[in-house]
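Please describe the strand pairing, the domain division and the ligand surroundings of the structure shown here, with the criteria behind each term.

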Amino acid sequence: MKHIDCQNYIYLDCEKGMCALSKTIVPIDGNGSEACSRFVRAPKCSCCVHFSNPDSHNLGTCSGFEKPDWVYGSCGAETCEHFKMNK
Ligand code: SF4
């Protein structure tokens with residue numbers, strides 16, 4: 001898992017963010033982007049029980065609403081009324 005998938009990650013721009021716990025700048029990708037031992041999975045569509053069939057771009061199907069539709073797994077799910085964390 002990477003910093004960007006952690007609940008403590010704060011987005012700064014398209015390359016980096018900040019860890020809310022350590023207050024350090026962390027990269028989105030590449031060297032140093034691996035999460036630490038305090039990682040807590042952030043709610044995103046990719047970890048919702050209603051997300052399925054992701055392709056190579058992590059574009060999958062949401063079945064959480066009346067009509068199934070496409071969704072990116074990387075979408076933040078903090079405000080989705082139907083989000084349910086999978087195991
Ligand atoms: S129900 Fe909400 S959180 Fe779950 S996959 Fe659909 S849009 Fe994402």
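Strand 4 (residues 51-52) and strand 5 (residues 59-62) run antiparallel and are joined by 2 bridges, where strands are DSSP runs (E, at least two residues) numbered from the N terminus and two strands count as paired if DSSP finds at least two bridges between them. Within this pair, S52 stands opposite T61 of strand 5. The hairpin of strand 4 and strand 5 has 6 residues between the strands, and in this hairpin N53 takes a positive phi near 50°.

Strand 5 also pairs with strand 6 (residues 69-72), in the antiparallel sense and over 4 bridges; here G60 stands opposite V71, and the bridge partner of C62 in strand 6 is D69. The hairpin that joins strand 5 to strand 6 passes through 6 residues. Taken together, these strands form an open sheet of 3 strands in the order 4-5-6, with antiparallel pairing. Strand 4 and strand 6 are the edge strands of this sheet, each pairing on one side only.

## Basis of the model

The model is a predicted one, in which local features need pLDDT of at least 70 and side-chain atom pairs count only at pLDDT 80 or more, whereas totals for chains, interfaces and linings use all residues. Residues are numbered from 1 along each chain as its sequence is written.

Strand 2 (residues 16-19) pairs with strand 3 in the antiparallel sense over 3 bridges, and K16 stands opposite P27 in strand 3.

## Domains

The domain assignment of the protein gives domain 1 (1-42) and domain 2 (43-87), the bounds coming from an automatic or database domain assignment. The C-alpha centres of domain 1 and domain 2 lie 21 Å apart.

## Surroundings of the ligand

The ligand is surrounded by C45, C48, H50, F51, C62, G64, V71, A77, C80, H82 and F83, a residue being near a molecule if its C-beta atom, placed from the backbone, lies within 6 Å of it. The residues of this shell divide into 8 nonpolar, 3 polar and no charged, where Ala, Val, Leu, Ile, Met, Phe, Trp, Tyr, Cys and Pro count as nonpolar, Asp, Glu, Lys and Arg as charged, and the others, Gly among them, as polar.
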